[in-house]
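Q: I would like to learn how to read a protein model step by step. Could we look at it together, taking one feature at a time?

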Amino acid sequence: WQPQPPLAGLSSATELVSHWTRVFEKRGIPEARESSEYIVAHVLGAKTFQSLRPALWTQPLTSQQLQCIRELSSRRLQRMPVQYILGEWDFQGLSLRMVPPVFIPRPETEELVEWMLEEVAQRSYAVGSPGSPLILEVGCGSGAISLSLLSQLPQSRVIAVDKGEAAISLTHENAQRLQLQDRIWIIHLDMTSERSWTHLPWGPVDLVISNPPYIFHQDMEQLAPEIRSYEDPAALDGGEEGMDIITHILALAPRLLKDSGSIFLEVDPRHPELVSSWLQSRPELYLNLVAVRKDFCGRSRFLHIQRSRP
Ligand code: GLN
């Protein structure tokens with residue numbers, strides 16, 4: 001006697017999407033339809049269900065494909081984020097490999113990158129040729145921010161640091177995959193250990209960018225199971241007021257940043273005020289919060305902090 005596969009009789013992509021959508025909904029899995037569409041499309045070699053050739057919607061799948069869909073869907077039932085299930089995700093038009101527990105880039109972070117690109121477009125960088133800034137990314141994760149800057153600023157160079165080994169090797173892999181490895185230095189370094197900054201092989205940078213861990217420690221418990229069980233908490237937990245890494249970055253500015261350089265940060269909506277008063281009590285850093293931007297949900301999310309040392 002062989003157990004009946006639960007999908008007997010269901011064989012087309014469309015039927016499988018409806019089947020797994022119902023299963024996910026019944027089990028309270030968020031984004032049930034999107035999840036099943038992504039999984040089915042992935043197994044059929046497409047990025048999205050909508051991009052599948054219509055001929056494939058109704059064609060029967062092979063038993064191997066059915067098995068694969070079942071295997072990937074069971075991971076979703078365990079609340080694994082779809083980005084890890086697929087093993088890749090797009091950011092700023094780049095296809096990046098995703099491996100747990102490395103932080104999955106969020107769509108709002110694309111707005112941070114776009115803001116910095118706007119800013120770069122308005123300046124000339126005297127040291128290199130115009131448009132050739134040296135950029136430091138703190139906490140590079142999968143490499144999403146650094147690699148998208150490199151791909152859109154052909155003259156730029158980036159130093160990407162992270163304290164997580166998995167993040168460092170994933171950034172390497174993504175840089176290779178996108179053939180951007182020649183303009184990026186990827187360094188395994190814990191930025192809170194002051195000593196690690198003393199032997200760095202470069203001078204001060206034009207720009208610092210970071211999506212640091214900024215969640216208030218007491219809010220960590222309320223994160224969705226997808227985040228809590230799969231993503232590295234070190235990429236999320238910013239300490240009591242979410243400011244631990246933010247203040248480290250700011251305090252290092254005199255050592256890391258040129259006298260007229262800029263820092264672009266993604267933060268919690270409570271941070272603009274906290275950062276502004278933190279900076280006011282440290283005039284020796286010569287840092288000013290010059291602009292705050294909201295994300296697409298209308299929450300204050302991004303900071304531009306400028307160093308202006310006379
Ligand atoms: N916005 C992130 C979230 O989804 C938090 C990112 C961070 O701490 N850098 O939880």
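This is a predicted model: local features need pLDDT of at least 70, side-chain atom pairs count only at pLDDT 80 or more; totals for chains, interfaces and linings use all residues.

Q: Which residues of helix 2 and helix 4 meet?

A: From helix 2 come S35, S36, I39, V40 and V43, and these meet Q65, C68, I69, L72, S73 and R76 in helix 4. Sorted by class, this contact of helix 2 with helix 4 has 6 nonpolar, 4 polar and 1 charged residues.

Q: How do helix 1 and helix 2 pack, and at what angle?

A: The general idea is that two packed helices are described by the angle between their axes and the distance between the axes. Here, helix 1 (residues 13-26) and helix 2 (residues 32-43) pack at about 140 degrees, with 8 Å between their axes. That angle makes helix 1 oblique to helix 2, and the crossing in which helix 1 passes helix 2 is right-handed.

Q: Which residues make the contact of helix 1 with helix 2, and how do they divide by class?

A: On the side of helix 1 the contact is made by A13, L16, V17, W20, T21, F24 and E25, while helix 2 contributes A32, R33, S35, S36, E37, I39 and V40. By class, there are 8 nonpolar, 3 polar and 3 charged residues in this contact.

Q: At what angle do the axes of helix 6 and helix 7 cross?

A: The axes of helix 6 (residues 107-121) and helix 7 (residues 144-152) come within 10 Å and cross at roughly 40 degrees. Helix 6 and helix 7 are therefore oblique to each other, and their crossing is right-handed. The contact involves T109, V113, M116 and L117 of helix 6, together with A144, I145, S148, L149 and Q152 of helix 7. These residues divide into 6 nonpolar, 3 polar and no charged.

Q: Into which domains is the chain divided, and how far apart do their C-alpha centres lie?

A: The chain is divided into domain 1 (13-78) and domain 2 (99-307), and the C-alpha centres of domain 1 and domain 2 lie 35 Å apart.

Q: Which residues are around the ligand?

A: The residues around the ligand are R106, N211, P212, P213, Y214, I215, I227 and L236. When this shell is sorted by class, it has 6 nonpolar, 1 polar and 1 charged residues.

Q: Which residues does a cis peptide bond join?

A: A cis peptide bond joins P100 and P101, with omega at about 5 degrees.

Conventions: Residues are numbered from 1 along each chain as its sequence is written. Axes are lines fitted to C-alpha atoms, for helices over the stretch in contact, and angles run from 0 to 180 degrees between N-to-C directions. Helices (H or I, at least four residues) and strands (E, at least two) are DSSP runs, numbered from the N terminus. Angles under 35 degrees count as roughly parallel, over 145 as roughly antiparallel, 65 to 115 as roughly perpendicular and the rest as oblique. A crossing is left-handed if the near helix is turned anticlockwise from the far one by less than a right angle, and right-handed if clockwise. Two residues are in contact if their C-beta atoms, placed from the backbone, lie within 7 Å. Ala, Val, Leu, Ile, Met, Phe, Trp, Tyr, Cys and Pro count as nonpolar, Asp, Glu, Lys and Arg as charged, and the others, Gly among them, as polar. A residue is near a molecule or strand if its C-beta atom, placed from the backbone, lies within 6 Å of it. Domain bounds come from an automatic or database domain assignment.
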